[in-house]
Amino acid sequence: MLKSSIKIFLFLYKFKNMLELKKSNYMTILKTTYTYINENFYTNIAIAYSHKIEAIDSLANLQIKFPNAIIKETKANTVLYPGFINTHVHLEFSSNKTTLKYGEFIPWLDSVIKNREDLVAECDNRVMKKACNEMLASGVTTFGAISSFGVELEVCTQTPQKVIFFNELIGSNATTADMLYADFLERLDTSKNCINKGIIPAIAIHSPYSVHPIVLKRAINVAISEKLPLSAHFLESQAEREWLEKESGEFLDFFKKFFSTSRAVTNISEFIESFDEIPTHFTHAVQATKEELAYLAEKNHSIAHCPRSNRLLGCGRLPVEELITLGIPFSVATDGLSSNNSLNIFDELRASLMLHHQAPLDKFSNLLIKAITSVPAKFFNLNSGLIEIGKDADFAIVTLPDMPSSVEDIALQTILHTNEVTEVIIGGKIISS
Ligand SMILES: [Zn+2]
């Protein structure tokens, strides 16, 4: 009995070794100067990966474990990060450079309406591909694309990045809302057919002022029943707040002019409460009160923080210190080129770092790195955003210009000195932008 147990044990041991050896044939061992694990920067750590992260150990130990693996040792002062996640971008306006009017929200919205057709016509696949590449060059391996018409889908299936494809619902007028809802469902179905091309089907609600509560409820129910990621623009501008609270202000003229109405379709509390059953990623929330933020925290919602877009559209500053106190997870996102001058995620991090001047520098820099890695990965349930065994082999390698004087400063120095990353790896494959 003992003998046969030993035999079985030996067989299993050999079999395991055989599997490891076979695995090592298609494995890469990567050694950078620093590796970002559990919000810390470690030296003398290497990782072994195929399309997923297989092991994390010293280089010597990994070489013993996977003798046939390709060894990749980078130059000095490199940092291995999980691939970055930009949760909120509109690709369809990527052709805008100097056309739209910045400074205040309603004049900007008027300029979007005025120039919309031209901007969309100029924004062909080549322009959108360039926008994806700009994100890629800054280390973005996953992004959330807000899509009004589905025109971005083809480019999103071709880009090497993973794309959370947010099919956007819009329609405040009860008579046309049904038709717009049917169109939304059709676009959602089309995106579901592209799952094998890196598309993660998702739903976006345009805003509280532009979506009728009846279709809003239907879309939220679809997100709940099909477990789809859900996002919504929310309290971006002072004008939006005034309209939803008092049906007055600049939005009154806007709705009278374009929709012949002087009534808002919902109010702030009714809108927020519609999302009680599903944690949602609210974009902007700049004009939310402490009480509203506390409500978002209570219902496990998260926020997309777009500092440059908010600045350019005159919307104000998101009080991130309140979010931190309340424990609301937040991402940092670029928004689209309709309200930004680049889609480089490092430009956005720098803007956030400078905007929140009262935040402790090192601590906040570390929080900003989390806001483009583990935090969005967690609320969108992505198998990335962390360097951890079993996670997807999505990486961004950053090279610092010199040796950092302390590991505590690495996040800050990365944010200050990086425009383009040195290398991007998605699903274990090196991607050139
Ligand atoms: Zn947006």
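**Figure 1. Two domains in one chain.** The centres of domain 1 and domain 2, taken over C-alpha atoms, are separated by 34 Å. Domain 1 covers 2-82 + 386-431, and domain 2 covers 84-379; these bounds come from an automatic or database domain assignment. The model is predicted: local features need pLDDT of at least 70, side-chain atom pairs count only at pLDDT 80 or more, and totals for chains, interfaces and linings use all residues. Residues are numbered from 1 along each chain as its sequence is written.

**Figure 2. The whole chain.** The chain has 17 helices and 18 strands. Both are DSSP runs, numbered from the N terminus: helices are H or I with at least four residues, strands are E with at least two. The C-alpha atoms fill a box of roughly 85 × 50 × 45 Å along the principal axes. Buried residues make up 48% of the 433 residues. A residue is buried if 20 or more other C-beta atoms lie within 10 Å of its own, exposed if 12 or fewer, and partly exposed in between, with C-beta atoms placed from the backbone. Of the contacts with a separation of 6 or more, 72% join residues 24 or more positions apart. Two residues are in contact if their C-beta atoms, placed from the backbone, lie within 7 Å.

**Figure 3. Where the domains touch.** 18 residues of domain 1 are in contact with 23 residues of domain 2. On the domain 1 side, strand E7 (78-82), helix H17 (410-417) and strand E17 (423-426) each supply at least two residues. H17 gives the most to that side, with 3 residues. The residues of this side divide into 11 nonpolar, 2 polar and 5 charged. Here Ala, Val, Leu, Ile, Met, Phe, Trp, Tyr, Cys and Pro count as nonpolar, Asp, Glu, Lys and Arg as charged, and the others, Gly among them, as polar.

**Figure 4. The sheet of 4 strands.** The sheet is open, its order is E5-E4-E1-E6, and its pairing is mixed. Strands E5 (53-57) and E6 (70-73) stand at the edges with a single partner strand each, so one side of each lacks a neighbour in the sheet. Neighbouring strands are turned by 20° against each other on average, direction ignored. Axes are lines fitted to C-alpha atoms, for helices over the stretch in contact, and angles run from 0 to 180 degrees between N-to-C directions. Strand E4 (residues 46-49) pairs with E5 in the antiparallel sense over 4 bridges; two strands pair if DSSP finds at least two bridges between them. Isoleucine 47 stands opposite isoleucine 56 in E5.

**Figure 5. The sheet of 8 strands.** This sheet is also open, with parallel pairing and the order E8-E9-E10-E11-E12-E13-E14-E15. E8 and E15 are the edge strands, each with a single partner strand, so one side of each has no neighbour in the sheet.

Figure 6. In strand E8 (residues 84-89), 6 of 6 residues are buried. E8 pairs with strand E9 (residues 140-147) in the parallel sense over 4 bridges. Asparagine 86 has phenylalanine 143 in E9 as its bridge partner. E9 in turn pairs with strand E10 (residues 162-169), parallel, over 6 bridges. There, alanine 145 has phenylalanine 165 in E10 as its bridge partner. Helix H6 (residues 174-192) packs on the sheet and touches E10 and strand E11 (199-205); its direction makes about 165° with that of E10.

**Figure 7. Helix H15 and its cover.** In helix H15 (residues 361-370), 7 of 10 residues are buried. Among them are Phe364, Leu367, Leu368 and Ile369, along with Lys370. The cover includes strand E15 (330-332), helix H14 (345-355), helix H16 (374-379) and H17.

**Figure 8. Helix H8 and its cover.** The buried residues of helix H8 (residues 238-246) are Ala239, Glu240, Arg241, Trp243 and Leu244. Their cover includes helix H3 (105-122), helix H9 (250-259) and helix H10 (268-273). Just after H8, glutamate 247 takes a positive phi of about 55°.

**Figure 9. Aspartate 110.** This residue is found in helix H3. Aspartate 110 is partly exposed, with 18 other C-beta atoms within 10 Å. Its C-alpha atom and that of leucine 100, 10 residues apart along the chain, are separated by 9.0 Å.
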